Amino acid sequence: MTSAVFAAEKRQVPQMGELTSYESGPLISEATLAADGVSLTWQTGDRTTLPLLWLRDHCACSECRHPQTRERLYLPLADIDELPGITLAEGHLYLQWTDGHVSAFHSGWLHQRRPEARLTSAVPAPMPWVDNFFPERIRHADFLTPEGEKAWLTAMLRDGLALVDEAPLIEEEVSRLAERIGPLRSTNFGARFDVRSKPNPNNAAYTAVGLPLHIDLPNWRQPPDIQLLYCLQNEASGGESLFADGIRVINALRQQDPEALAILSETPIDFRFQDETHDIAFKAPVVTLDGHGHLVEMRLNNWIRDALHLPAAQMDAWYRAYRLLWQLFHSQAHQLEFALQSGQMIAFDNRRVLHGRREFDPNSGARHLQGTYLDRDMLASRLRVLARHA
Ligand code: OGA
Ligand code: ZN
Ligand code: ZN
């Protein structure tokens, strides 16, 4: 009955309007109408049944999906009550709906999107640091190649920390590297900032004092995700870098004192930065967990913690829990320490991995880092783009 529409000369291999590859998936060997949709069997033996409304919603023709933007135009507001005509040709699926509309589906795309498929992603899940963790090192020259960039992005998203080595000592190289990934995330300290001891500092980082482990900008509703610190000079004595993994430390706290973790994750506290031109404040717990108890974000930064505004009866317990977390983060078991050398760039997930530095002596030599921030979404995006034709 539908043979006219599906005449062989009119058929082309269906295009699904996707840049991620699906073309290498298996062909469909059988397609039948079932009470609850279309049942498909692929040559691999995989089977599924897809509801008619789902199939109609995913039509990739130029009326249903914009041919340039690839975005959905079809709006699934009506039920599909009448059965379509169904044709299997060269292993791909063609449906003719009762209003005459034709939908063509690539077998590989359907295989990739079937409900039973385990969704795979180029973006790795975060993994807690193991004992004696040391960040992956990627040479600057390699970072400029797709393979090196992929290695850096993968390490960043998995470990939340990665080191670039053998980088040239030129100003603004940090911005050029960051801009390969995405637009720089600006803050009240600018899109790109210099870390060195300055006269009239408005931030502890711009002095020579030691910085215990912290995240930057917990006083923002959304603190920057990724921080890059590019070392141009580090001849001063002291100033070693410190890092600790929030996921690992929160797991340890949960083991040691779940009540302390409950207090820190359920008690919003105030953070605030003030200078002549800004007063940026936000209230949130020191630890945010998701419904499974996984770390969403850390907000630990002792020097821009605002006055603790809690019922007096809760204060001692909060301070006790805070002290315990602090000690865990700064313990030998969890804190990683090494001296950044000029020509190295360290980057970290600011909302997961805490960072700090030892005090340094500005009279003993120069210390100059250039820094910027990026959104984590842009790292994941770059990785998906690089993986498209892997
Ligand atoms: C910062 C910072 C670390 C350093 O600028 O936020 O933590 O090594 N700097 O100076
Ligand atoms: Zn369509
Ligand atoms: Zn910092």
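Let us start with Asn132, which sits in the loop that runs between α2 and β7 (136-139). The structure you are looking at is a predicted model, so every value here was computed from its atoms. Is Asn132 buried or exposed? Its relative accessible area is 79%, so Asn132 is exposed, the cut-off being over 50%. The backbone of Asn132 has a phi near 55°, which is a positive value in a residue other than glycine. As background, most residues other than glycine have a negative phi.

A positive phi also turns up at Glu172, another residue other than glycine, where the angle is near 75°. Look for Glu172 in the loop that links β8 (161-165) to α5 (173-181). With a relative accessibility of 31%, Glu172 counts as partly exposed.

Now step back to the whole chain. How is the protein divided? There is a domain 1, covering 3-113, and a domain 2, covering 136-387. Between the C-alpha centres of domain 1 and domain 2 there is a separation of 47 Å.

Arg65 belongs to the loop between α1 (52-57) and β4 (85-89). Its relative accessibility is 18%, and because buried means under 20%, Arg65 counts as buried. The side chain of Arg65 makes a polar contact, reaching the backbone oxygen of Gly17 at 3.2 Å.

Further along, His92 is placed in strand β5, made of residues 92-96. His92 has a relative accessibility of 5% and so counts as buried. How far is the C-alpha atom of His92 from that of Thr154? These two residues are 62 residues apart along the chain, and their C-alpha atoms are separated by 35 Å.

Ser107 is in helix α2, which spans residues 107-113. With 0% relative accessibility, Ser107 counts as buried. What lies 2.9 Å from a polar atom of the Ser107 side chain? The backbone oxygen of Pro26 is found at that distance.

Next comes the surrounding of ligand 1. Which residues surround this ligand? The shell consists of Val195, Ala205, Leu211, His214, Asp216, Gln227, His355, Arg357, Arg367 and Leu369. Sorted by class, the shell around ligand 1 holds four nonpolar, three polar and three charged residues. Several side chains come up to oxygen atoms of the ligand. An N or O atom in the side chain of Asp216 is 3.0 Å from an oxygen atom of ligand 1. His355 has a polar side-chain atom that lies 3.0 Å from an oxygen atom of ligand 1. For Arg367, an N or O atom of the side chain is 2.7 Å from an oxygen atom of ligand 1. On its own, ligand 1 exposes 290 Å², and the protein buries 96% of that area. Which elements give two or more residues to the shell around ligand 1? They are β10 (211-214), β20 (353-357) and β22 (367-374).

His214 has a relative accessibility of 3%, so it counts as buried. Asp216 is buried too, with a relative accessible area of 13%.

From here, continue to Arg221, which is placed in the loop between β10 and β11 (226-234). Is Arg221 buried or exposed? At 65% relative accessibility, Arg221 counts as exposed. The C-alpha atoms of Arg221 and Gln314 are separated by 24 Å, and the two residues are 93 residues apart along the chain.

The last stop is Glu266, found in helix α7, which takes in residues 258-266. Glu266 is exposed, because its relative accessible area is 62%. Val287 is 21 residues from Glu266 along the chain, and 8.1 Å separates their C-alpha atoms.

Note on methods: Residues are numbered from 1 along each chain as its sequence is written. Chains are lettered from A and ligands numbered from 1 in the order in which they are written. This is a predicted model: local features need pLDDT of at least 70, side-chain atom pairs count only at pLDDT 80 or more; totals for chains, interfaces and linings use all residues. Side-chain values use heavy atoms; hydrogens and water are left out. Domain bounds come from an automatic or database domain assignment. Helices (H or I, at least four residues) and strands (E, at least two) are DSSP runs, numbered from the N terminus. Buried means under 20% relative accessible area, exposed over 50%, partly exposed in between (1.4 Å probe, protein chains only). A residue is near a molecule or strand if one of its heavy atoms lies within 4 Å of it. A polar contact is a pair of N or O atoms within 3.5 Å; within protein, one must be able to donate a hydrogen and the other to accept it, and residues adjacent in sequence count only if both atoms are side-chain atoms. Accessible areas come from the Shrake-Rupley method with a 1.4 Å probe; for residues, only the protein chains shown count as cover. Ala, Val, Leu, Ile, Met, Phe, Trp, Tyr, Cys and Pro count as nonpolar, Asp, Glu, Lys and Arg as charged, and the others, Gly among them, as polar.
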